[in-house]
Amino acid sequence: MSVDDNQTILIVEDDERLASLTKEYLEKNGFSVDIEADGRAAISRIVEEQPSLVVLDLMLPGADGFTVCRSVRNDYKGPILMLTARSDDVDQILGLEIGADDYVSKPAKPRVLLARIQSLLRRSTQDVDLTSEASDKKEQTLTFGPLVVDNSRREAWLSGEEVELTSAEFDLLWLLASSAGRILSREEIFGELRGIEYDGQDRSVDVRISRIRSKIGDDPIHPRRIKTIRSKGYLFVKEV
């Protein structure tokens with residue numbers, strides 16, 4: 001993936017040595033990188049500067065990573081990559097629930113971190129292969145009763161009101177909607193959206209689908225639009 005000169009990353013991390021090493025590695029790979037060590041200051045910077053992507057640690061002075069993410073999510077549309085404890089899936093799930101787009105467990109291997117950053121930026125900037133015949137022919141706006149999903153504008157509307165979705169939530173909604181009528185397994189969803197194999201334990205897809213359901217008016221207890229098919233995956237229903 002080529003890096004656009006305008007792609008900037010804000011690292012929100014109070015470990016000076018770790019932040020400096022991460023900054024150096026990302027800059028060697030073509031990114032413009034800034035560092036912020038204070039959580040409260042990070043909230044203002046993210047909203048004002050609108051970086052291409054935010055790498056956000058959880059343990060911060062001033063305001064923790066959860067507070068930062070929750071505070072900026074409505075005013076910042078770029079991807080947020082959260083750094084979590086290696087085995088703490090509670091942090092991972094909570095991060096996704098409040099709007100993080102992805103997470104990497106600490107200590108993060110530089111190549112893994114770079115791959116996740118590139119994947120998030122590729123999705124958010126729609127860096128797709130326009131020479132692909134399938135892409136050229138793919139319908140960009142899908143309508144399901146009161147729900148409209150527009151891939152060209154990366155927006156969704158419900159009964160004329162815009163649905164507030166994170167970048168990762170929109171990607172998942174579009175994947176499901178564009179595959180309406182077909183069951184998608186978690187393995188397929190992981191491979192398509194995160195570029196990695198499903199390990200059988202990661203619950204990020206389930207968390208995002210739960211959030212999407214609530215946002216598009218689907219009953220989270222007895223969903224009619226996005227159905228869970230036991231032992232198989234998820235099914236987006238065309239007609240409800």
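Across the chain, pLDDT (the predictor's confidence in each residue, from 0 to 100) averages 85, and 87% of the residues score at least 70. This is a predicted model, in which local features need pLDDT of at least 70 and side-chain atom pairs count only at pLDDT 80 or more, while totals for chains, interfaces and linings use all residues. Residues are numbered from 1 along each chain as its sequence is written, and side-chain values use heavy atoms, with hydrogens and water left out.

One stretch needs some care: over residues 127–137, pLDDT stays under 50. For that stretch the model has six contacts (heavy atoms within 4.5 Å) beyond four places in sequence. Where pLDDT is low, the predicted coordinates should not be read in detail.

Helices (H or I, at least four residues) and strands (E, at least two) are DSSP runs, numbered from the N terminus. Asp-57 sits in strand β3, which covers residues 53–57. Is Asp-57 buried or exposed? Its relative accessibility is 4%, so Asp-57 counts as buried. Buried means under 20% relative accessible area, exposed means over 50%, and partly exposed is in between (1.4 Å probe, protein chains only).

Which residues does Asp-57 touch, leaving aside its neighbours within four places in sequence? They are Val-12, Glu-13, Asp-14, Gly-65, Leu-83 and Lys-106. With Lys-106 there's also a side-chain polar contact of 3.3 Å. A polar contact is a pair of N or O atoms within 3.5 Å; within protein, one must be able to donate a hydrogen and the other to accept it, and residues adjacent in sequence count only if both atoms are side-chain atoms.

Lys-106 turns up again in a cis peptide bond to Pro-107, with omega at about -5°. Pro-107 belongs to the loop between β5 (102–106) and α5.

## A four-stranded sheet

Now for an open sheet of four strands, in the order β6-β7-β8-β9, with antiparallel pairing. Two strands pair if DSSP finds at least two bridges between them. At the edges are β6 (141–144) and β9 (161–163), each pairing on one side only. Inside the sheet, β7 (residues 147–150) and β8 (residues 155–158) are joined by four bridges, and Val-148 has Trp-157 in β8 as its bridge partner.

Helix α7 lies across β6, β7 and β8, running at about 110° to β7. (Axes are lines fitted to C-alpha atoms, for helices over the stretch in contact, and angles run from 0 to 180 degrees between N-to-C directions.)

Over in β9 you'll find Val-163, which is buried with a relative accessible area of 7%. Beyond its neighbours within four places in sequence, Val-163 is in contact with Ala-156, Trp-157, Leu-158 and Lys-215.

## Helix α8 and its buried face

Helix α8 (residues 186–193) has Ile-189, Phe-190 and Leu-193 as its buried residues. Looking down the axis of α8, these fall within an arc of 100°, so they line one face of the helix. The arc is that of the directions from the helix axis to the C-beta atoms. Among the elements covering them are α5 (110–124), α7 (167–177) and α9 (204–215).

Most residues other than glycine have a negative phi, and most peptide bonds are trans. Gln-50 has a positive phi, near 50°; the residue is in the loop between α2 (39–49) and β3. Ser-159 has a positive phi too, near 55°, and lies in the loop between β8 and β9. At 37% relative accessibility Gln-50 counts as partly exposed, whereas Ser-159, at 57%, counts as exposed.
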